[in-house]
Amino acid sequence: MSETVQLHSRFTPDECAQRLGAAIDSQLSLFGSRPVIGRVNSSTLRLRKRIGYGNSFQTFLTASMKPHGSGTVIDGEFAMSLFTRVFMSIWFAFLAIIGGSAFVVALFSLLAGPSEFRGNAWPFLFGPPGMLIFGFLLIRFGRYFAQAEAGFLKDFIRHTLDADEPPARVDSAE
């Protein structure tokens, strides 16, 4: 669900940070007008596209900037926010444990024949699968709206830092 990127700029990490800092709005600014929001320093960056609506499944670029030769290698990953990934994992885990248990109990009570629980079993039979479908559709819907953001952020970095992809993947440990 994540995509990696590596770009090379002729500018030093400090110059890259200055150029990016001048081209983005801070995460804390309430009323900005720049197309990209984030934070940047001479070694790391975290950027996202400004959108006019809320989307927890939005694409973020998290990258490191390391000196390489006379320039900088920007090595990063496009992905949803860590908070969203962790939250959705916990949500699906609870759904699997609690909803799965309720589903199995409801199914066995319906198959076991007459019981006083039988009339109340239907919500437990359809609720957990419905919540599972809703969760998957919610993620797909949010990611659908974010599908072009990785390309937008990559183009933003290319344009702002005059960066290109290196001919071969660069080991940024140099």
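Throughout these views, buried means under 20% relative accessible area, exposed means over 50%, and partly exposed is in between (1.4 Å probe, protein chains only). The model is predicted, so to speak for itself: local features need pLDDT of at least 70, side-chain atom pairs count only at pLDDT 80 or more, and totals for chains, interfaces and linings use all residues. Residues are numbered from 1 along each chain as its sequence is written, and side-chain values use heavy atoms, with hydrogens and water left out.

**View 1. The open sheet.** Six strands line up as β1-β6-β5-β4-β3-β2 in an open sheet with mixed pairing. At the edges stand β1 (3-9) and β2 (25-26), each with a single partner strand, so one side of each has no neighbour in the sheet. Strands (E, at least two residues) and helices (H or I, at least four) are DSSP runs numbered from the N terminus, and two strands pair if DSSP finds at least two bridges between them.

View 2. Start at β2, which pairs with β3 in the parallel sense over two bridges; look for Ser26 opposite Gly38 in β3. Next, β3 and β4 pair in the antiparallel sense over five bridges, and they form a hairpin with three residues between them. Here Arg39 has Arg46 in β4 as its bridge partner. Strands β4 (residues 44-49) and β5 (residues 60-68) also run antiparallel, joined by five bridges, and Arg48 stands opposite Phe60 in β5.

**View 3. Two helices on the sheet.** Helix α1 (residues 13-23) lies across β1, β3 (36-40), β4, β5 and β6 (71-79), running at about 150 degrees to β5. Helix α4 (residues 149-161) packs on the sheet too, touching β1, β3, β4, β5 and β6, and its direction makes about 125 degrees with that of β4. Contact means heavy atoms within 4.5 Å; axes are lines fitted to C-alpha atoms, for helices over the stretch in contact, with angles from 0 to 180 degrees between N-to-C directions.

View 4. Pro13, Cys16, Ala17 and Leu20 are the buried residues of α1. Looking down the axis of α1, they fall within an arc of 100 degrees, so they line one face of the helix (the arc is that of the directions from the helix axis to the C-beta atoms). Their cover includes β1, β3, β4, β5, β6 and α4. Turned away from that buried side, the other face carries exposed Asp14, Gln18 and Ala22.

View 5. Rings of Phe, Tyr and Trp (its six-membered ring) pair if their centres lie within 6.5 Å; planes under 30 degrees apart are stacked, over 60 edge-to-face, and the rest tilted. The structure holds six aromatic pairs. In one of them, the ring centres of Phe141 and Phe145 are 4.8 Å apart and the planes are at 85 degrees, so the pair is edge-to-face. Both residues sit in helix α3 (residues 122-145), four residues apart, about one turn of the helix. Phe141 is exposed at 52%, while Phe145 is partly exposed at 41%. Tyr144 and Phe145 make an edge-to-face pair as well, 5.7 Å centre to centre with 75 degrees between the planes, and Tyr144 is exposed at 53%. Together, Tyr53, Phe141, Tyr144 and Phe145 form one aromatic cluster.

**View 6. A lysine over a ring.** Lys49 lies over the face of Phe152, at 4.8 Å from the ring centre. The cut-off is NZ of Lys or CZ of Arg within 6 Å of the ring centre and within 35 degrees of the ring normal.
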